[in-house]
Amino acid sequence: MNTSGTPAPLPWNICITIARRELSARFRGLRLLIICLFIGVAALSAIGSLTSAISGSIAARGRIILGGDLEIAVWQRGLTAPESQFLNSLGTVTSGTRMQAMAAANNLTLPVELKSVDGQWPLVGRLKLTDGRQVGAPSANQAWLAPAAAERLQVKQGHTITISGQALRVGGIIADEPDRLGEGFALGPTVITAADLPMRAGLISPGAMYRSKIRLTCASSCNPPAIAERIKSLFPTAGLTIRTSDKAVQNAENFISVMGEFLVMIALAALLVAGLGIGGGTTSYLEARRNGIATLKILGASGQDIARIYLLQITVAALVGSIAGLLAGALLLPLLLSLLAQTIGTLIPIDRSALVDPAALARAAGFGLLVALTFAAPPLAAAKNFPAMALMRARVTSLTAMPRVAYLPTALGGAALVGLALFTGPKPAFAAGFLAAAAAIFALLAGLGWAIRRMAARLPRPRHPIARLGLSNLHRPGGQTARLVTALGFGLSTFVLLAVVETSLEGNMQSRIPQRAPDYFIMGLAPDKLPTLTQIVTATAQGAVIRSVPAMRGAILAYGPADNMTHVADLDLTKIPEDAWALKGERGLTFSEQIPLGNALTDGTWWGANYTGTPLVSVDEKFAAAIDLKIGDRLTISLLGVERSATIASFRRIDWDSLGSNYVLVFSPNALSDAPYKLASTISLPASAKNATTKGAMMRAITAALPAISAIEVGGLLQQAHDLLGQMSMAILAAASVTVLAGMAVLIGAITAARAAKLYDNVILRVLGASRAQLLTLIMAEFAGLVLILALVALAIGSALGWLIMVHLFKFSFLPNWPWVLAVLGGGVTVILCFALLTSLPLLRAKPAAALREL
Amino acid sequence: MTSPPALAARDLTLTLGQSSSKTDAAVAVLRGISLTVAHGEIVALLGPSGSGKSSLMAVLTGLERATSGQLTVAGANFAAMDEDALAHARRGRIGIVLQAFHLLPTMTALENVMTALDIAGIGDAETRATAELTAVGLGHRLHHYPSQLSGGEQQRVAIARAIATRPALIFADEPTGNLDAATGQSIIDMLLARRAETGATLLIITHDSALAKRCSRIITLADGLIASDITSHSAAT
């Protein structure tokens, strides 16, 4: 004993010696713990490394992706002389245009993204062609085609395509376009031409919907964000959109960051579920060593010594599981990178040779070890506190009850886990929300487990012995009900959530939108060509409906009462309300004599036909509310570099789901009609014309007669969105299946933990004459009762979370396909029951005589 | 001046099942045991099942804390100690042999004995453990696991483990209860022989009257109380 009267614990070296002697070289009894950690850590490290690899790739390649240090974009015009002069003074400049156009060849037409570049392009990197050449801009009558364009137009190098009547020789097929990712989302495959093609082809006429893009490289010591600020201050009303190389693909980066964190959180949830398995595994391990612990205590080991000895063993097993998980995560990374490169490589930069991120591995290992130690603390503390005689006396006295001494380490472990999640992730608020939701679900399920046990204990005893035993197994001492309810409840809820979200997205995409969406968007139609379009369309598809609105682009410069207007240039646009998005950059503008279709006036009055008074504007009610606009306020915009003002006459409610031509700002005709403009049209075909033959004939006729327009088929767009959502669903499903896998590991652990008690029951029942079929019924009755209750709870939890995600996060309608959701849930229940049956079969095969000798 | 006794108990009681649960009724297992054992004595503890023999041994060895009463073992005041202090007090001072052997199943015979020495803080554990196992006739079974040993061999390992630390007191709870008569006899012979070599005090629980007659003192328990306490004149040494 030491001077304070407290007995001195065994030295650590003695504890290590005893722990090593007792620990099986093959980790018998600790394999479940190792498997649970392996699953969780592997998922965390793979997802973490993947996210880091993509983020790192974005950061490292920002200059290449953007095509320079800065990009300045402006709609419907080129640079003015002062703008051009200033930019040229900063460094090397390349300029060109981007627009939608129709390419034709071999009697086929295709909407393409026309990228016209000057001789300086690309400022960073080189364009690689499939034949190995590294080139810059094509010559005047040549074009570089993206593989998809060549394939769909059925052309090869040397063939000819036409764009707006201009014949272009296919100079090569693009293998690697250096600034592809920086160009953003495109409505068609890319065709790169010389800078002067749009002008030669008549695509750049007043009012045409195109974008000028100017890239700039400056000296290595330059500061792109500072230059961007300087440009904004020099040309505050020019409507310029400026991007710098450090934020080359900001939207994609945000998406990766949020998606990555979301997947990390799902993997963390899986690890927490695995924590139940770890707790159960530790309990089973210590239960199996009950006599060993008693013996060590008889030999003089104190509770603290016992805790140290088994803590050492658990730590070694946790390290083995975590290291194996890290290795698996590292090995999975190239596979995942390759998979992502094939699926979403056109949207985000994927470097297939990226190495694992040590920080992500450290974070995964940290989570793994913390989860292991936190969940192992209660059984370790219980073993520490158990008196030696009690260990030897009562097998039914479980180690699972949490003693007071376990409160502190468990709470500290939990706090460390939360801290690690909050302070090492890119989105602390998101992580906090997710953890709070996960904690609430865990608490709910833990409460349910308690309630089931209490209810089972209070229910009247059934007369049938099998039913009676099945019921008592739900609340017997050392029973696994609480653990099973939490683990399986979490797994089944995940199943339901995924099914609800996926089918709701599908429901929004496939059931609702296509019924109301037009078949084609036509862009760049000159107002005087509308009769030609109408004639072609109605000739090939009688009954087709064409709707056209003037389409322009402009930026809001100022708004508010005439004597106290708010200037957008003075605002921090990163802190404006979500519904005020129209303040950012240039937005679509239109004018109309009538209230647009699908819109409803909510306040103010609409101008009549042939209105000639003060220029007026009607504003989206949500946007108006977000920036506190009132009827009678003034709004100033920049259109083609010219300032125009209008008085707010009304607010409108817009049905964005209609996929029609919807605009936040609709002006009275006299406010804008003197500016050059093109029409944006939609074509809705009758059912009889919705076939490939009619559509093909119609599009060929339109392209031939109106070469300058661009036609986009809505079905293709929806398919693109559908594919993207499908890939997101797959990523979520893959991460979530780890949760289900962890749940299965817990199930095995729970069945193993209850094995001794169940074997005893089975043997006694066999001695009393029960058949194997009756024993099987008992096992299945116990699990089926539990799983059916859990299925109902999971249906409620998963549906509620799905509703939250669909309605409040995605702002979509809640449209789950209930039969499919129930089928998925039924599948989950069946898998669990089959699993329970398979893992329980060895109990049925036990020979009573042999088992009795061992018990 | 007379030396203090190996153990001295006064009015020991033990009540189990003092739970608040309605289903657990409190059971008075020991109802006031007073007992003094001198150094070197060999005491047989007899009594019918349920008389409190094993519970008394659990209390005397510090595996269970008495509900009330005074207890001094090997000079230590057990009544004032908590679980951990009792465990510490057992180290190297008390050897225990149980009916069900209670060897550590994941350790070899040698490691089982070494572990007792390690916990007691006695150095050169491997050499001492080897010597002890050789002394009980298991020199050829050092690296065998308990599952690879017969019942008699397992009990010899348990005896070697109990004696290896040279404790002042050895407690044996029906050490031959799980063995056949011949094996049991050889185990008892060996236990008494090893005790004689160390001079330890031995307290042995048994149903075997022949074994009891080989002890220097026979205490009989009935219903949680000492029914008789007889000093034998034909005790073996």
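**A walk through the predicted model**

Helix H2 of chain A, residues 31-60, has 30 residues and reaches 41 Å from its first C-alpha to its last, close to the 44 Å expected at 1.5 Å a residue, where the expected span is 1.5 Å times one less than the number of residues. Helices (H or I, at least four residues) and strands (E, at least two) are DSSP runs, numbered from the N terminus. Because 26 of the 30 residues of H2(A) are buried, this helix is largely enclosed by the rest of the structure; a residue is buried if 20 or more other C-beta atoms, placed from the backbone, lie within 10 Å of its own, exposed if 12 or fewer, and partly exposed in between.

This is a predicted model, in which local features need pLDDT of at least 70 and side-chain atom pairs count only at pLDDT 80 or more, while totals for chains, interfaces and linings use all residues. Residues are numbered from 1 along each chain as its sequence is written, and chains are lettered from A and ligands numbered from 1 in the order in which they are written.

Chain A as a whole has 26 helices and 22 strands, and buried residues make up 47% of its 855 residues. Among its contacts between residues at least 6 apart in sequence, 85% join residues at least 24 apart, a contact being a pair of residues whose C-beta atoms, placed from the backbone, lie within 7 Å.

Two helix pairs share H14(A). The axes of H12(A), residues 358-385, and H14(A) come within 8 Å and cross at roughly 160 degrees, with axes fitted to C-alpha atoms over the stretch in contact and angles running from 0 to 180 degrees between N-to-C directions. The two helices are therefore roughly antiparallel to each other, given that angles under 35 degrees count as roughly parallel, over 145 as roughly antiparallel, 65 to 115 as roughly perpendicular and the rest as oblique. Their crossing is left-handed, which applies if the near helix is turned anticlockwise from the far one by less than a right angle, and right-handed if clockwise. Residues making this contact include Gly366(A) and Phe367(A) of H12(A) and Gly413(A) and Ala416(A) of H14(A). By class, the contact has 10 nonpolar, 6 polar and 1 charged residues, with Ala, Val, Leu, Ile, Met, Phe, Trp, Tyr, Cys and Pro counted as nonpolar, Asp, Glu, Lys and Arg as charged, and the others, Gly among them, as polar. Gly366(A) is partly exposed, with 17 other C-beta atoms within 10 Å, and its C-alpha atom is separated by 9.6 Å from that of Ala416(A), 50 residues apart along the chain.

H14(A), residues 407-424, also comes within 7 Å of H15(A), residues 428-458, axis to axis, crossing at roughly 145 degrees in a right-handed sense. Here Val418(A), Ala421(A) and Leu422(A) meet Pro428(A), Ala431(A), Ala432(A) and Leu435(A), and the residues of this contact divide into 7 nonpolar, no polar and no charged.

Turning to the backbone, the peptide bond from Trp121(A) to Pro122(A) is cis, with omega near -10 degrees, and Pro122(A) lies in the loop between strands E3 (108-117) and E4 (127-129) of chain A. In chain B, His102(B) has a positive phi near 50 degrees although it is a residue other than glycine, and it counts as buried with 23 C-beta neighbours inside 10 Å.

Finally, 22 residues of chain B are in contact with 24 residues of chain A, and helices H2 (83-90) and H3 (109-120) of chain B each supply at least two residues of the side of chain B that touches chain A.

Definitions and conventions: Contact = placed C-beta atoms within 7 Å.
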